[in-house]
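Have a look at the model first, and then we will walk through its main features together.

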Amino acid sequence: VADGRSPHLAMAAAALQKEDLEGVAQLFDLAGGADGEEEEAWGQRFEQHISRTMQGHVATMKRLRSDAERRCEALRAHHELLAVVQERVVDRLQSSGQPHVAEPLRQLLNLMTSLFRASLGCAVELAGADAERTEARASKAKIAVKSSSKEARTSGEIQPDSQNDASPMLESPSMSEAGATTIKFEGLQTPKAQTVRGKAYAQIHDARREHARQAQFVGRPPPELDLQHLRSIIQILFTSKKEADQRARSSRPRAPCQTMEQHFYAWLALRYKSLALVDEWARVIITAIQRFAPVCCEVSTFGKVLQHRLSEDQVGILEALKDTLRQLVHKKVKERHSTLTVLQLDTVWREWQRDGPPLAVCEQVVRHMYSEEDSECVLPQVRAAAIPPGGNPEASRVGLRDLREVLGRFQVGLAEHHVSEFLEFFNEVNQDAPRTGVGILQAAQAEELAQRMADIGGYEDAADLRDQISEELASIRERLAGVKTLTYSECVDDVFAGLISLRWDAQRGLDG
């Protein structure tokens, strides 16, 4: 090599470094909005993009001959990595109600990309020409050495030796197949190994995001929380509460579970060790819940769980609804565009994620998820969220966030209606508590609640359910044996779940 370095070292010097990937991860994190966007979906897209780009980068680097070509390839790959950041910035502008800014920015970025690729193409052509000239000079030198060696062997000065046929100091810059497969540098594994490294680099984003999220909770709270910060707190609280419940249920003797309200204050006390800080954080968080509950179903649900109006399982139900909705909409892309290639389908899916699927698709998904009666209740709200409203169902679009919000609130409304009668009984039985809505029953109160729920004297047309209700009552008493206290969530999600459904069936039978 002209500068004295081996081809392997030259390739390593030209390749992307870990710092480059960390920089991309940092920009990707900064491009995220504070409006509760789908972090999980963007995280998956980031991981796939990094893995795909790095695999192609390594495969290309192995084919190139000169340092100049490899440096061009590193620039190209670095630029390609940034594409996912550009997509996220544009998506954030679109979702924040600034499409008039997003579209010109998209066109500008596309133009800049075209110019960059054209410039890079010229640089690659020049580098290729230089490599050809270098290789030609090296070949002439090798021929001259072989001729001299042949003359020397003829005169008896040098014995025939295959290793002397090519001098290492005059080796061609182009890499042999053996050289390409023995690279040991970290960023230049074989494509199969690089796929693993690509995923590892994608984890940089997750680690940075988790570190940033934890750093938000140090010291005194800010004057007010944004939606993203509040959602992070809610997610941490539910994870922590789930782990605490598992520890309580597996302990011997079994320890009582806390309500979400109790766990909320215990979590703050454990973290801050100061009553003043606990009080400050609690006030700021509750204020943020009141602020964002009207616009975010997740926050609204958390507030109702704190008030013991909904069980904690509703959070998991909302997560399942979000996943199901995403899968069904994605399936519709394939059904409606069955003749497209995989890349074309991916383009359509990204368009639907950015602009929303057609209203007609949303209506089909809703009818698939809900009964005919429930569909007729929720579809007017879905149509009201379409842009433009009242337009052609194939032309109007409904943003995925808007669709998820409408269906989430409808689902929570169904859950509240389902337990409305039980909640009345629960609060009546729990009236001796220090304050209304404390969310915990003693064993005797739970027995009284079971008796009230099993009484269907007012439902004369539901006599056929009496035997089932009696069996369920006996089952509840078995589960109450040895239990000292029950939280509202334990009652709704576990102990009284069957009885609530039976009373609901009895009520519907009477209404019918």
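Which residues does Ile-285 touch, not counting residues up to four places away in sequence? The answer is Leu-225, Leu-230, Ile-233, Phe-264 and Leu-268, where contact means heavy atoms within 4.5 Å. Please keep in mind that this is a predicted model, in which local features need pLDDT of at least 70, side-chain atom pairs count only at pLDDT 80 or more, and totals for chains, interfaces and linings use all residues. Residues are numbered from 1 along each chain as its sequence is written, and side-chain values use heavy atoms, with hydrogens and water left out.

**Overall picture**

- The protein has 22 helices and two strands; these are DSSP runs numbered from the N terminus, with helices being H or I of at least four residues and strands E of at least two.
- Of its 512 residues, 42% count as buried, meaning under 20% relative accessible area, with exposed over 50% and partly exposed in between (1.4 Å probe, protein chains only).
- The accessible surface is about 27900 Å², and carbon and sulfur atoms hold 53% of that; the areas come from the Shrake-Rupley method with a 1.4 Å probe, and for residues only the protein chains shown count as cover.

**Nonpolar cores**

- The largest nonpolar core has 34 residues, and Leu-225, Leu-230, Leu-268, Ile-285, Val-299 and Phe-302 touch the most other members.
- At least two residues of this core come from each of H9 (227-250), H10 (260-272), H11 (275-292), H12 (297-306), H13 (313-336) and H17 (400-418).
- H11 gives the largest share, nine residues.
- A second, separate core of 28 residues has Val-429, Leu-449, Met-453 and Val-495 among its members.
- Such a core is a set of buried Ala, Val, Leu, Ile, Met, Phe, Trp, Tyr and Cys residues joined through side-chain atoms within 4.5 Å.

**How H10 meets H12**

- H10 and H12 pack at an angle of about 100°, with their axes 8 Å apart; axes are lines fitted to C-alpha atoms over the stretch in contact, and angles run from 0 to 180 degrees between N-to-C directions.
- That makes H10 roughly perpendicular to H12, a term for angles of 65 to 115 degrees.
- Met-260, Glu-261 and Phe-264 in H10 meet Phe-302, Val-305 and Leu-306 in H12.

**A residue in H11**

- Thr-287 lies in helix H11 and is partly exposed, at 47% relative accessible area.
- Thr-287 is 62 residues from Leu-225 in sequence, and their C-alpha atoms are 8.6 Å apart in space.

Note on methods. Angles under 35 degrees count as roughly parallel, over 145 as roughly antiparallel, 65 to 115 as roughly perpendicular and the rest as oblique.
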